[in-house]
Amino acid sequence: MSGSNAPDQQASDRAAARAAAVADAMDDIAKIDAHGREHGGIDRAGIARIKERLLELAAVEHLFPPEDFPAPDGERGSFNYRLAQNDDGTLALYVQSVGVGTSAPPHEHLTWAVIVGMRGQELNRFYDCCAGEGEPHVDREEMVERGTGVAMLGHDIHSIHIEGASTNFHCYGLAMENMTGRRYWNADQGEWLVFADSSSIVEARPGYPTTAAA
């Protein structure tokens, strides 16, 4: 093998190993989710198990280097690299890459959500109400960073606050584009509004047409 081809081969080998590790993790997560559905819906014990499984995946750091998941260049915001998603639009896993910071107001997901840290810090604030119940007030804060994570049910309300660079797993019971109708708190207007999610999703699943980060 020539020296010029070595980096390409390394990237290819890493992508194959990453795909296998992601598939194994999502298979385990699908079983946890299915067990919850069979018993009236996933509960906090179930999403805690999903968080632990994603922490195991995040620990395989060499499969998720920064160069494979570049963040927006010089501007606030994030790219969400889709690593896995069921054909019916459920059980989706993303790598969220942030370059110089981003934030999200208090909002719901309408499905379970798990965030696990890899690099940098993501401050999560949790609130004492459900969407539509008036002004939310902070109940507690948790920092997501390497070796930690948070897990939420569909009615839980949280906000995200990131300063600087950050790379995390975001895993949901529904694909991001299928979370239609979810609400967020608009502090300026003093009311809950429907989220017009402008998240930039980058297709990163093997065998799917690659979409460019916008």
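In this predicted model, helix α1 lies across strands β1, β2 and β9 and runs at about 130 degrees to β2. Helix α2 also packs on the sheet, where it touches β2, β4, β7 and β9. The direction of α2 makes about 25 degrees with that of β4.

| Helix | Strand | Angle between directions |
|---|---|---|
| α1 | β2 | about 130 degrees |
| α2 | β4 | about 25 degrees |

Helix α1 covers residues 6-38, which is 33 residues. After α1 comes G40, which has a positive phi near 90 degrees.

Which residues of α1 are buried? They are R14, R18, A21, V22, A25, M26, I29, I32, D33 and G36. An α-helix has 3.6 residues a turn, so residues three or four places apart point the same way. The buried residues of α1 pack against α2 (44-58) and against the strands β1 (78-84), β2 (90-98) and β9 (166-174).

The sheet itself is open and consists of 6 strands in the order β7-β4-β9-β2-β1-β12, with mixed pairing. At its edges stand β7 (149-152) and β12 (200-203), each of which pairs on one side only. On average, neighbouring strands of this sheet are turned by 25 degrees against each other, direction ignored. In general, strands of a sheet pair through backbone hydrogen bonds, either parallel or antiparallel. Strands β1 and β12 run parallel and are joined by 4 bridges. Opposite R82 stands E203 of β12.

Definitions and conventions
Residues are numbered from 1 along each chain as its sequence is written. This is a predicted model: local features need pLDDT of at least 70, side-chain atom pairs count only at pLDDT 80 or more; totals for chains, interfaces and linings use all residues. Side-chain values use heavy atoms; hydrogens and water are left out. Helices (H or I, at least four residues) and strands (E, at least two) are DSSP runs, numbered from the N terminus. The expected span of a helix is 1.5 Å times one less than its number of residues. Buried means under 20% relative accessible area, exposed over 50%, partly exposed in between (1.4 Å probe, protein chains only). Contact means heavy atoms within 4.5 Å. Two strands pair if DSSP finds at least two bridges between them. Axes are lines fitted to C-alpha atoms, for helices over the stretch in contact, and angles run from 0 to 180 degrees between N-to-C directions.
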